[in-house]
Amino acid sequence: MTTRRAFLQAMGKAGGYGAVFLSMQAMGLLATRAMAATRPVELPPGSGRGKSVVILGAGIAGLVAALELGEAGYSVTVLEARGRVGGRVWSIRGGDRIEQIGREDQRCAFDNGLYFNAGAARLPTAHTMILGYARRFDVPLEVMVNVNRSARLDFGGREVTERQAVNDTKGRFAELIAKALDQGALDTEMTPADRAALRHYLADWGALDPKGVYRGSDRSGFSDNPGGYANPGVPMDPLTLEQIITDGFWGGGLTFEETFDQQAPMFQPVGGMDRIAYAIYARVKDNVRLDTPVTAVRQTGRGVRVLLADGGAVTADYCLCTLPAPMVRKLDLPLSPAKKAALANTVYMAAAKVAWEAPRFWEEQGIYGGLAFTDAPSQLIWYPSGGWNSPRGILIGAYAAGRLGNATTFSTMAHAQRLQMSREVIERMHPGKSALLAKGVTVAWNETPWSGGIAAMWKPEQRATDYAELCRPEGRIFFAGEHLSYIGAWQEGAALSAHEAMALLQARVAGDRLTEKPPA
């Protein structure tokens with residue numbers, strides 16, 4: 001009778017790792033995992049004993065993989081080109097040097113205890129894996145105020161509070177629907193009782209008067225706030241529907257919080273977003289080599305050989321590459337034409353930020369955290385969500401990112417231009433306060449060494465082609481990173497992608513062991 005081992009050994013000789021992997025799944029020896037699943041892999045203790053992995057990159061994906069593979073018994077070496085860990089999780093503090101390709105270096109001069117999250121800056125409650133690592137390693141969290149109705153919108157040359165834009169938009173839209181009800185436009189869709197109930201709800205939702213007309217509401221705020229004794233306050237003049245549509249107030253901040261991964265509550269690590277990365281690093285630092293750029297990877301019959309920029313080399317049984325696609329393109333790798341084409345088709349999002357140190361004048365104006373939006377290329381102002389009422393804070397005066405053209409426009413500006421645009425937007429929203437801004441620094445991720453952009457921008461049709469190809473191992477080389485997840489631009493995506501890669505790696509190890517000749 002043919003044993004399972006003998007059968008799988010024969011499959012390995014005939015079809016290689018892929019055949020062994022699929023055969024083991026079919027025989028129930030390996031759990032089938034959907035690509036880019038949202039659950040972690042648990043590597044059996046000791047399952048990696050006797051095997052070695054070299055990991056390229058000490059961002060979140062690389063650190064998570066180093067931690068989990070090491071705990072499973074693998075011998076792990078992490079090679080990181082930068083002098084720090086975290087990758088696009090980068091918290092800048094006083095004394096730090098900011099290097100940008102083709103620009104003069106900046107030296108951050110923030111006061112002690114202040115920091116600027118140049119990359120990742122918030123944690124949604126839906127991102128349970130990265131929050132789990134924070135919990136596991138006792139990284140304290142605090143609420144990050146992602147939305148603030150007191151923050152302002154700067155669109156079409158008009159300045160209004162988000163409070164007014166949200167509630168006047170609701171009022172105008174509720175009025176339109178109420179008119180449709182009153183004119184019988186929905187008769188065929190609703191019973192009289194349904195119409196009456198909806199009419200009552202619209203009046204409450206949009207603050208309509210008994211005739212179904214929106215005449216403004218105290219929900220939108222006051223030009224003169226209510227006070228004591230005989231001061232009832234002066235309500236804001238309501239925006240017209242034309243102003244809402246023409247100036248664009250129904251976009252930006254009004255729909256921002258409805259995005260799945262931007263919904264309250266949001267969190268941030270106390271003291272900087274890099275606290276989670278460094279908490280993981282503390283457990284694996286003996287296996288991490290910083291300031292160690294890689295130039296090439298060679299596959300041998302029984303392993304990999306990673307060539308370093310300093311002329312050295314690192315050998316291992318397997319390689320896990322967690323570098324962003326633009327950096328992978330620059331390496332000398334033995335990749336298939338399909339893989340090279342997929343890498344060439346991977347486009348990264350431009351993104352840039354500006355940060356200032358200033359006395360916390362925004363809090364004197366009742367703004368505690370949250371984002372203010374503008375139609376200028378700088379896109380927004382981000383108010384700090386910690387250190388309430390302390391003397392000074394870090395104000396993110398711009399964060400331009402995304403598929404929109406103004407993100408690229410802002411990212412390619414000279415440093416002085418970015419700082420000036422940020423200062424002008426802040427002055428419009430906080431007249432007379434821009435003079436208080438000091439120690440400005442700016443980061444563009446398309447200019448940050450070893451990055452190539454902030455995140456991959458996958459078109460839906462690419463998921464079945466280029467994306468799927470980049471998820472596949474190439475011999476003994478495996479791949480992970482935020483770009484190989486459906487949660488792009490987030491630490492959660494990077495961590496989950498690392499777990500997917502480890503599942504494939506573990507399957508490969510199991511297959512290799514089945515096909516290895518037993519010791520004599």
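**Aromatic contacts in a predicted model**

In this predicted model, Phe361, Trp362 and Tyr383 form one aromatic cluster.

**Exercise 1.** Classify the geometry of the pair Trp362 and Tyr383, and state where each residue lies.

*Solution.* A search of the whole structure finds 11 aromatic pairs. Trp90 and Trp445 make up one of these, with ring centres 5.8 Å apart and 80 degrees between the planes. An angle over 60 degrees counts as edge-to-face, so this is the class of Trp90 and Trp445. The two residues are 355 residues apart: Trp90 is in the loop between strand 2 (75-79) and strand 3 (91-93), and Trp445 is in the loop between strand 24 (438-444) and strand 25 (455-456).

For Trp362 and Tyr383, the centres are separated by 6.3 Å and the planes by 50 degrees, and the pair is tilted.

**Exercise 2.** Determine whether Trp90, Trp445, Trp362 and Tyr383 are buried or exposed.

*Solution.* The cut-off for a buried residue is under 20% relative accessible area. Trp90 has 8% relative accessibility and therefore counts as buried. Trp445, at 1%, is buried because its value is under the cut-off. Trp362 and Tyr383 are both buried.

**Exercise 3.** Identify the ring over which Lys353 lies, and the ring over which Arg463 lies.

*Solution.* Lys353 is placed over the face of Tyr399, 4.5 Å from the ring centre. Arg463 is over the face of Tyr486, with a distance of 4.0 Å to the ring centre.

Methods
Residues are numbered from 1 along each chain as its sequence is written. This is a predicted model: local features need pLDDT of at least 70, side-chain atom pairs count only at pLDDT 80 or more; totals for chains, interfaces and linings use all residues. Side-chain values use heavy atoms; hydrogens and water are left out. Rings of Phe, Tyr and Trp (its six-membered ring) pair if their centres lie within 6.5 Å; planes under 30 degrees apart count as stacked, over 60 as edge-to-face and the rest as tilted. Helices (H or I, at least four residues) and strands (E, at least two) are DSSP runs, numbered from the N terminus. Buried means under 20% relative accessible area, exposed over 50%, partly exposed in between (1.4 Å probe, protein chains only). A charge sits over a ring if NZ of Lys or CZ of Arg is within 6 Å of the ring centre and within 35 degrees of the ring normal.
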